[in-house]
Amino acid sequence: SITKMKETTTRSVKHYEHQGPGTVLSYATINTGMIIRAEHAAARVQVYGPGIIRVQIFEDDQFDESSYAVIAAAQGVGFEINDSATEIVLTTTQVTLRVSKELLSFKFEDQQGNIINQDETGFGISMMGNDRTIYKSMQPGERFIGLGEKTGNLDRRGSGYTNWNTDSFAYGPGSDPLYCTFPFYIGVHHQLVYGIFLDNSYKSHFNFGASNDRFASFTVEGGELNYYFIHEASVADILQSYTMLTGRMEMPPLWSLGYQQCRYSYYPEEEVYNVARTFREKKIPADAIVLDIHYMDNYKIFSWDSERFPDPKRMLTGLRKDGYEIVVMCDPGIKIEEGYEPYRDGLKEEVFLKYPDGTNYSGEVWPGWCHFPDFTNPRTRKWWGEKFQSYLDMGVRGFWNDMNEIATWGQRLPDLIEFNFEGEGGSAKRGRNVFGTMMCKATYDGTKELLQGERPFNLTRSAFAGVQRYSAVWTGDNVANDEHMLLGVRLVNSLGLSGVAFTGYDVGGFVGETSPGLFARWISLGAFSPFFRGHTMINSSDSEPWTFGEEVEDISRNYINLRYRLLPYLYSCFYEASKTGIPVSRSLAIDYTFDSKIYEGRYQNQYLFGPSFLVAPVESYKDLAKVYLPKGNWFDFHSGVLHHGEQEVYVDCPLTHLPLFVKAGSIIPMQSVVQTTKERPDPMLHLHLYGGDEGNFQYFEDDGTSFQYQTGEFYQRNISLKSSGDLLVLSEVEGSLESKFESIKLYLHGMPAGAFITVNGQSIPTKNEVVEFLPAISNFDPVDKFGEARTVTARVAEIQNSRVSIEVGLN
Ligand code: GLC
């Protein structure tokens, strides 16, 4: 057995604790791939698709079949296996896998025979005590991106990381680990890209050439080496394959894309009404008020504090009438208290995590000593899910899954705690990293079932790969400073590189005091984040958009308005993410993978919001920003000025103007401002077209609340700019729904448009119009520090919306 630490030799080199797998003894073809036996280990190789190969290394004759992350099955087709004196070769149409017989190890090549990824030839697979590691040769110039919510650079080369979900209050820009585990990275070298997803929930370590110049490695502290190798033509295609394996989100409710206002905590109910009313009075759009732990009776989940909230149903009914939804905090700890129903009933139903001696584990958190539901037990998930009936009856539609790392005072969940793992059993070593995701599954599946067709909104702090099927993710307890604001952007973009599209950070910063300038910048950035929520900690100063003075209030209104105007665009981007796994916030590494500039210094913070907007985050104290524009042509969103790509530009960035650029060839659907997504926008769609290149946009609408879109109740059409932007084609509408918009106003930016355009052959006149995306803010200060409004002029024309295809000649 190899679990003993003994002295062995491989190729006449003596080892001590390191144990390699040894030479290959035999192999057998199976339906989905092959099983290879070597001296000290065996491997199963399975084909999941032409570019997806799963490798498992195990030492006894058992391999792990269960996974909380992967929902796809291996395919028994599309590969061939051959064998020579030195190698076993498995080939698909996209990948050749060469398994060396001398020392069991793996090498992946593309169709041209280029090495994509290869086990380190000296010590590819290593078993040391309970640790299992795969060492991969670092290729010349190789970069590594992904790994989800991890601090550090976009290119992770030179860094190492640990996956161990942790309550990381007030983490810093170099802290590791944080709250989530996404053991998935993408390697980039020689115009090639590949992904590796390590599907193992034990504590794991990734090393991308940290303290060495030879290898990139991943180690698990328990369980099996079980990874998926993915090779596709582009990062976007890899994300598609990765989310084919681990799933994609369903469409979240439209309201959850609106602005959400949170604090720790709003109470009593008058305070909630005040906040809700103030948004409406000040005409700042908002869709949700979030209730943090003080709504509960002594922080006990499923209860309400009857003094602060004497009649939650009445409050919710009133707020919902005013266009708000309410999101409530859901902490997993169940207070140990006689007479508390979830405790009593949880004991009876045996839903809690246990010590090996069968007693329930107790840990201390907000309510005091608690037991914790074992969400890896299907019975517990059902029990938990059903408890949401009372919230739903009151009208709650949003659920915030927090403290699910599991956070307990002392932050040392004992390793020997036992998890059910769908009856299979496992310790906290295996269970900890998936606890949060399984809590989300219980909350999502439970509320979804009870809502009978209405979409719940779910948010979580802790997660594991695959969480996107159940919840949005926010980046936990950040700090109110500029560095953290930029870090949040990188975390969100990295989550997007790991299959999670619905993500965001606490706007304004959770810990510490936000300055007016910082809040202004953060909220403008937050408007370009998939999940958009302001939040701040207990005992901090108020942090709503109107609490920092009139200028900041105006800036906040401007950007929240812009967010709401962009909803047709944003909603379509969410739909794309739900279909393909391509995130809403897109690291430039997705589209400009081989451009070395995008990994540099501050440029690594830049991202595309959907296909069209390039956002260049900048500190609040800077009024001049250096921006790198990648390949293509780019319009300054605020001024309309056109810049060529592949160059650095300087732009003014007073707090009123976050640097934003629009890619030439973009098609951006917008609507009129609404105060809440419950309000119907004007029946005119504003379609902004940016000339100079071809482009394409998948436009999508549905009812925003139900799952009927999954059975055809949607309104979808492809909109494209052809012939270098001279021709606009709106394809015939698919789906059974009618659009909210009866007419379409076209805005032609950067196009040499004449006085007429043609619509399906008929000529109609155009006129010049001044477009103000961000109106000038009120001039409160005689020494005008915020500068003048910026406007662009576009040629405009209105056309009727119709379901048949529309061809518009633009020149
Ligand atoms: C955790 C959450 C934070 C919340 C607080 C109180 O720290 O991360 O967002 O406000 O708990 O519930």
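Trainee: Which residues lie nearest the centre of the largest cavity?
Mentor: Glu-250, Pro-252, Tyr-444, Tyr-470 and Ser-471, out of the 15 residues that line the largest cavity. Keep in mind that this is a predicted model.

Trainee: What is the lining of the largest cavity by class?
Mentor: It has 10 nonpolar residues, three polar ones and two charged ones.

Trainee: And how much space lies in the largest cavity?
Mentor: About 120 Å³.

Trainee: How many cavities of 30 Å³ or more does a search of the whole structure find?
Mentor: Eight. The second largest cavity holds about 90 Å³ of space. It is lined by 14 residues, and Leu-154, Arg-490, Asn-493, Ser-587 and Gln-604 are the closest to its centre.

Trainee: Which element gives the most to the lining of the second largest cavity?
Mentor: Helix 8, residues 482–496, with three residues. By class, the lining of the second largest cavity has four nonpolar, seven polar and three charged residues.

Trainee: Helix 8, then. What packs against it?
Mentor: Helix 9 is one answer: the buried residues of helix 9 pack against helix 8, and also against strand 35 (506–507), helix 10 (550–565), strand 38 (607–609) and strand 39 (613–615).

Trainee: How many residues of helix 9 are buried?
Mentor: Nine of the 11 in helix 9, residues 516–526, so the helix is largely enclosed by the rest of the structure. The buried ones are Leu-518, Phe-519, Ala-520, Arg-521, Trp-522, Ile-523, Ser-524, Leu-525 and Gly-526.

Trainee: Switching to strands. Why is strand 46 described as largely enclosed?
Mentor: Because seven of the seven residues in strand 46, residues 684–690, are buried.

Trainee: Which way do the residues of strand 46 point?
Mentor: Met-684, His-686, His-688 and Tyr-690 point one way, while Leu-685, Leu-687 and Leu-689 point the other way, and all are buried. In a regular strand, side chains alternate between the two faces of the sheet.

Trainee: In which sense do strand 45 and strand 46 pair, parallel or antiparallel?
Mentor: Strand 45, residues 667–670, pairs with strand 46 in the antiparallel sense over four bridges. Ile-667 stands opposite Leu-689 there. Strand 46 and strand 50, residues 743–749, run parallel and are joined by seven bridges. In that pairing, Leu-685 stands opposite Ile-744.

Trainee: What does Leu-239 touch, leaving out residues up to four places away in sequence?
Mentor: Phe-184, Ile-186, Gly-496, Leu-497, Thr-580, Gly-581, Ile-582, Pro-583 and Ile-590.

Trainee: What share of the residues is buried?
Mentor: Buried residues make up 64% of the 811. The secondary structure comes to 12 helices and 55 strands. Among contacts between residues at least 6 apart in sequence, 69% join residues at least 24 apart.

Key: Residues are numbered from 1 along each chain as its sequence is written. This is a predicted model: local features need pLDDT of at least 70, side-chain atom pairs count only at pLDDT 80 or more; totals for chains, interfaces and linings use all residues. Side-chain values use heavy atoms; hydrogens and water are left out. On a 1 Å grid over the protein atoms alone, a cavity is a set of points where a 1.4 Å probe fits but cannot get out, and a pocket is an open set with protein on both sides within 12 Å along at least five of seven lines; lining residues have an atom within 4 Å of a point. Grid points are joined across faces, edges and corners, and a volume is the space filled by probe spheres set on the points. Ala, Val, Leu, Ile, Met, Phe, Trp, Tyr, Cys and Pro count as nonpolar, Asp, Glu, Lys and Arg as charged, and the others, Gly among them, as polar. Helices (H or I, at least four residues) and strands (E, at least two) are DSSP runs, numbered from the N terminus. Buried means under 20% relative accessible area, exposed over 50%, partly exposed in between (1.4 Å probe, protein chains only). Two strands pair if DSSP finds at least two bridges between them. Contact means heavy atoms within 4.5 Å.
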